[in-house]
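Me: Can you walk me through how the helices pack in this one? I'd like to start with a pair and then hop around.

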Amino acid sequence: MLLLVSFRQLSLAQTARIDSLRALLVNAKDDTTKVINLNALAWEFNNINPDTAYLINMQALQLAEKLPCYEAGSGTGWLMGMARNYNGLCVIQRLKGNYDKSIEHGMKGIACWDKIISLEKTPST
C-alpha cells in the first residue's frame, strides 16, 4: 500500500512539473531560456512518452540552431543548447532501443562540447 501511495505522489509531482514547464513556454520568446525549458520538459517525458520527448527535443534543437553562437561571439547555433539537445536525443533513442541513432546523436553532442572547449581555450583578442 505504501508503495502505491509513493508512486501516486511521484506521478502528481511529475505532472505538476510538466504543467509548470508548459505554462512557462506559453508566451516564451525564442531565446536560450526557451531552449532550456523545452529541454527540461522533454526530460520529464523521457520515461512517460519517449516519442513526445523526442518531438520536444527536436523543437528545442531547431531553436538552438537558430540562436546566436554566444560561445564564439558571432555566427549562429547556440552550442551549449545544441549539445544538451543532442544528449537528450541520445538518451531518448537509447530508451527506444535505437542504438545507432543514439550513438549518432551522442557523437553530435560530443562535437558541440569539443567546439565549446576549443573556443574557451582560444585567447580573446
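Reply: The axes of helix H2 (residues 32-45) and H4 cross at roughly 10° and come within 10 Å. Axes here are lines fitted to C-alpha atoms, for helices over the stretch in contact, with angles from 0 to 180 degrees between N-to-C directions. This is a predicted model, where local features need pLDDT of at least 70, side-chain atom pairs count only at pLDDT 80 or more, and totals for chains, interfaces and linings use all residues. Residues are numbered from 1 along each chain as its sequence is written, and side-chain values use heavy atoms, leaving out hydrogens and water.

Me: Which residues in H2 meet H4?
Reply: Val35, Ile36, Asn39 and Trp43, and they meet Gly81, Arg84, Asn85 and Val91 in H4. Contact means heavy atoms within 4.5 Å.

Me: OK, what about H3 and H4, at what angle do they pack?
Reply: About 160°, with the axes of H3 (residues 50-66) and H4 (residues 79-95) 9 Å apart. That makes H3 roughly antiparallel to H4.

Me: Who's touching there?
Reply: The H3 side includes Tyr54, Met58 and Leu61, and the H4 side includes Met82, Leu89 and Ile92.

Me: New topic: what lies over the face of Tyr54?
Reply: Lys96, at 5.9 Å from the ring centre. To count, NZ of Lys or CZ of Arg must be within 6 Å of the ring centre and within 35 degrees of the ring normal.

Notes: Helix = DSSP H or I, 4+ residues; strand = E, 2+ residues; numbered from the N terminus. Parallel < 35°, antiparallel > 145°, perpendicular 65-115°, else oblique.
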